[in-house]
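Student: I would like to go through this model feature by feature. Please give the general idea each time, and then the case at hand.

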Amino acid sequence: MPLRRAHYLVLAMVRATVVAFWPTYFAVLRTARTELHLHGVTATAWMLLLALQSWTIHHQRRGAHRIFGIVSLFLFPLFLAGSVAVLLSMARNTPSDPFYQINGGRLGILDAATPILLMVLFYFALKERRKVQLHARYMLATALPLVEPIIERLLGHLAPPFTSFDPAHFAWTVRAAELGGLVAAACLYATAPRYGRPFFIVGMAMVAQAVLVETLGESSV
C-alpha cells in the first residue's frame with residue numbers, strides 16, 4: 001500500500017490549521033460569519049476523513065474504508081461549497097474591509113483557483129479508484145491546496161514583518177506560502193515519480209496561480 005504514513009501527515013496539517021486560523025476563526029467561533037463556519041467545519045472534516053481513510057486501509061479495515069469512501073461523496077460537495085462561500089464572502093466584504101481592498105486581488109486569484117483544482121483531483125480519485133497507487137495519491141493531493149493558506153496565516157500571525165497591511169509585505173507572505181505548497185507537492189512527487197501525476201498536477205496548478213498572482217493580482221493593487 002502507498003503512503004503508509006499519510007494519516008500522520010494529514011493530522012499534522014490539522015494541528016497546523018488550528019494554530020494558523022486560531023486568531024481569525026477558532027478564537028472567535030461565536031461571532032464568526034456563517035460562511036466561515038461552513039468552510040472551517042467542512043475543510044476540517046475533509047482532512048479528518050482523509051486521515052481516517054489512510055488509517056483504515058493501512059490497518060486492514062476495508063469495510064470502514066469503503067464507508068468513509070461513501071461519506072466522501074456527500075462531504076466533498078459541502079467542502080467545495082465552503083471554499084466557494086469564502087470567495088463570495090471576500091468579494092462581498094471587499095468594499096468595507098481595508099485588508100481586502102489592498103490585497104483582494106491576490107487572495108481572489110488563490111481562492112478562485114482552489115475549487116477548480118479540488119474538483120479535478122477528486123474526479124480523478126474516483127476515476128482511478130481501482131488503481132490504488134493513483135487513487136491514494138489523488139485523495140491525499142486534495143489536502144495540498146490547504147498548505148498555502150496555512151503557511152500564509154502562520155507567517156501573518158507569527159512573523160511581524162508579514163502582519164502589515166502593506167501590499168509589499170503581504171505579497172512576500174503569499175510568495176512564501178506558494179513556495180511552501182510547491183515544495184510539499186514536489187516532495188510527495190519525488191517519493192514515487194512513476195505514480196506522481198496527482199502531485200504534478202497540484203504543482204503545475206500552484207505555478208499557474210503564482211504567475212496569475214504576480215500579474216493580474218499585482219495589477220489590481
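**Reading the helices and their contacts**

Tutor: Phe 79 is placed in helix H3. The model is a predicted one, in which local features need pLDDT of at least 70 and side-chain atom pairs count only at pLDDT 80 or more, while totals for chains, interfaces and linings use all residues. Residues are numbered from 1 along each chain as its sequence is written, and side-chain values use heavy atoms, with hydrogens and water left out.

Student: Is Phe 79 buried or exposed?

Tutor: Buried means under 20% relative accessible area, exposed over 50%, and partly exposed in between, with a 1.4 Å probe and protein chains only. Phe 79 has 0% relative accessibility, so the residue counts as buried.

Student: Which residues does Phe 79 touch, not counting those up to four places away in sequence?

Tutor: Contact means heavy atoms within 4.5 Å. On that basis Phe 79 touches Thr 42, Ala 43, Trp 46, Leu 118 and Leu 146. A separate value is the C-alpha separation of Phe 79 and Pro 115, which is 9.1 Å for two residues 36 apart along the chain.

Student: How many helices and strands does the chain have?

Tutor: Helices (H or I, at least four residues) and strands (E, at least two) are DSSP runs, numbered from the N terminus. This chain has eight helices and zero strands, and its pattern along the sequence reads α-α-α-α-α-α-α-α. Of its 221 residues, 41% are buried. Among contacts with a separation of 6 or more, 74% are between residues 24 or more positions apart.

Student: Where in the chain is confidence lowest, and where is it highest?

Tutor: pLDDT is the predictor's confidence in each residue, from 0 to 100. Where pLDDT is low, the predicted coordinates should not be read in detail. The chain averages 86, and 84% of the residues score at least 70. Confidence is lowest in helix H4 (residues 98-127), with a mean of 79, and highest in H5, at 96.

Student: How many residues of H5 are buried?

Tutor: Helix H5 spans residues 132-141, and seven of its ten residues are buried. They are Leu 134, His 135, Arg 137, Tyr 138, Met 139, Leu 140 and Ala 141. In the loop between H5 and H6 lies Thr 142, which counts as buried at 0% relative accessibility. With neighbours within four places in sequence left aside, Thr 142 is in contact with Trp 46, Leu 50, Leu 118, Leu 121 and Phe 122.

Student: At what angle do H1 and H2 pack?

Tutor: Axes are lines fitted to C-alpha atoms, for helices over the stretch in contact, and angles run from 0 to 180 degrees between N-to-C directions. Helix H1 (residues 6-21) packs against helix H2 (residues 34-58) at about 160 degrees, with the axes 8 Å apart. Angles under 35 degrees count as roughly parallel, over 145 as roughly antiparallel, 65 to 115 as roughly perpendicular and the rest as oblique. H1 and H2 are therefore roughly antiparallel.

Student: Which residues make that contact?

Tutor: From H1 they are Ala 6, His 7, Val 10, Leu 11, Met 13, Val 14 and Thr 17, and from H2 they are Met 47, Leu 48, Leu 50, Ala 51, Ser 54, Trp 55 and His 58. For classes, Ala, Val, Leu, Ile, Met, Phe, Trp, Tyr, Cys and Pro count as nonpolar, Asp, Glu, Lys and Arg as charged, and the others, Gly among them, as polar. The contact of H1 with H2 has ten nonpolar, four polar and no charged residues.

Student: What is the angle between H1 and H6?

Tutor: H1 and helix H6 (residues 147-158) pack at about 40 degrees, with their axes 8 Å apart. The two helices are therefore oblique to each other. Met 13, Ala 16, Thr 17, Val 19, Ala 20 and Phe 21 of H1 meet Val 147, Pro 149, Ile 150, Arg 153, Leu 154 and His 157 of H6. By class, these are nine nonpolar, two polar and one charged.

Student: What is phi at Gln 60?

Tutor: Most residues other than glycine have a negative phi. Phi of Gln 60 is near 60 degrees, a positive value. Gln 60 sits in the loop between H2 and H3 and is exposed, with a relative accessible area of 54%.
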